[in-house]
Amino acid sequence: MSLDQVKLKSSSKLVGLHPVLAAATVALIERCYARGVNIVITQGLRTIAEQDALYAQGRTKPGQIVTNAKGGHSYHNFGFAVDFALLLPNGSSVSWDMARDGDNDQTADWQEVVQEAKALGFEWGGDFKSIKDAPHFQMTFGLSTSALRQGYQPTAAQVKAAFAVIDKLQEEASEDMSKIAELEQVVEEQEGRIAALEKRLNISGKETYATGYKDALEAAKAAGAVTTSADKSKLELNMIQILFNLGLFTKGAK
């Protein structure tokens, strides 16, 4: 998957996040991609009602307790937190397997994401003392949820400092991202060339043999050279026809 495709998977979850959180989350996706680890944001801003429903899980509703925060007591409710999952190679399935090492670099993908998140200024839920929340990242700017409920917001200086950290890291990574973009372009061009070549040679792998090759194919089957007359490419059909014309198969064999 291209970086743009990976980022698109999370775009709807960035809506409503504080601008610093949105920028840091985009940077996190990009930096993880550069390390060979694709992630998807599964939760961003969460409504009070959604938080209350989550709090009820394992208490008044079936399921396991996953949060101690009632509505208005989670940083998700104010756009200061995100949750993530690993995006698997098929581009649609996700994983919360913290031991997975999909890029085979001897470091668990999950820990690579945590490393990048902390560098960007996120706090990790896996470090929480009570209920650990491994998919969770947040930025609090020193504000409690009580302060946020009262309308307090990060100061201009705090926002500027947070953006400075993000910008510095992204600036350092810009060369790597440029190389990735170039590599994606090369791969796309190569795939186009391969597709064009397959079209010229008619090697889709789905073609049923043409009537003009019937005798050659039947003779090849009778001689044991092929086991089926279906799904032959144009290149294969031509080779079988040449061998048939040279008399290497018994004509008309049944």
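In this predicted model, helix α2 passes helix α4 in a right-handed crossing. The protein as a whole contains 8 helices and 5 strands, and 38% of its 254 residues count as buried.

**The crossing of α2 and α4**
- Helix α2 spans residues 19-34 and helix α4 spans residues 109-119.
- The two helices pack at an angle of about 135 degrees, and their axes lie 10 Å apart.
- Angles over 145 degrees would count as roughly antiparallel and those from 65 to 115 as roughly perpendicular; α2 and α4 are therefore oblique to each other.
- On the α2 side, the residues that meet α4 are L28, R31 and C32; their counterparts in α4 are V113, E116 and A117.
- The residues of this contact comprise 4 nonpolar and 2 charged ones, with no polar residue.

**Helix α7**
- Helix α7 covers residues 214-222, and its buried residues are A216, L217, A219 and A220.
- After α7 comes G224, which has a positive phi, near 85 degrees.

**Overall arrangement**
- Of the contacts between residues at least 6 apart in sequence, 61% join residues at least 24 apart.

Terms used:
Residues are numbered from 1 along each chain as its sequence is written. This is a predicted model: local features need pLDDT of at least 70, side-chain atom pairs count only at pLDDT 80 or more; totals for chains, interfaces and linings use all residues. Side-chain values use heavy atoms; hydrogens and water are left out. Axes are lines fitted to C-alpha atoms, for helices over the stretch in contact, and angles run from 0 to 180 degrees between N-to-C directions. Helices (H or I, at least four residues) and strands (E, at least two) are DSSP runs, numbered from the N terminus. Angles under 35 degrees count as roughly parallel, over 145 as roughly antiparallel, 65 to 115 as roughly perpendicular and the rest as oblique. A crossing is left-handed if the near helix is turned anticlockwise from the far one by less than a right angle, and right-handed if clockwise. Contact means heavy atoms within 4.5 Å. Ala, Val, Leu, Ile, Met, Phe, Trp, Tyr, Cys and Pro count as nonpolar, Asp, Glu, Lys and Arg as charged, and the others, Gly among them, as polar. Buried means under 20% relative accessible area, exposed over 50%, partly exposed in between (1.4 Å probe, protein chains only).
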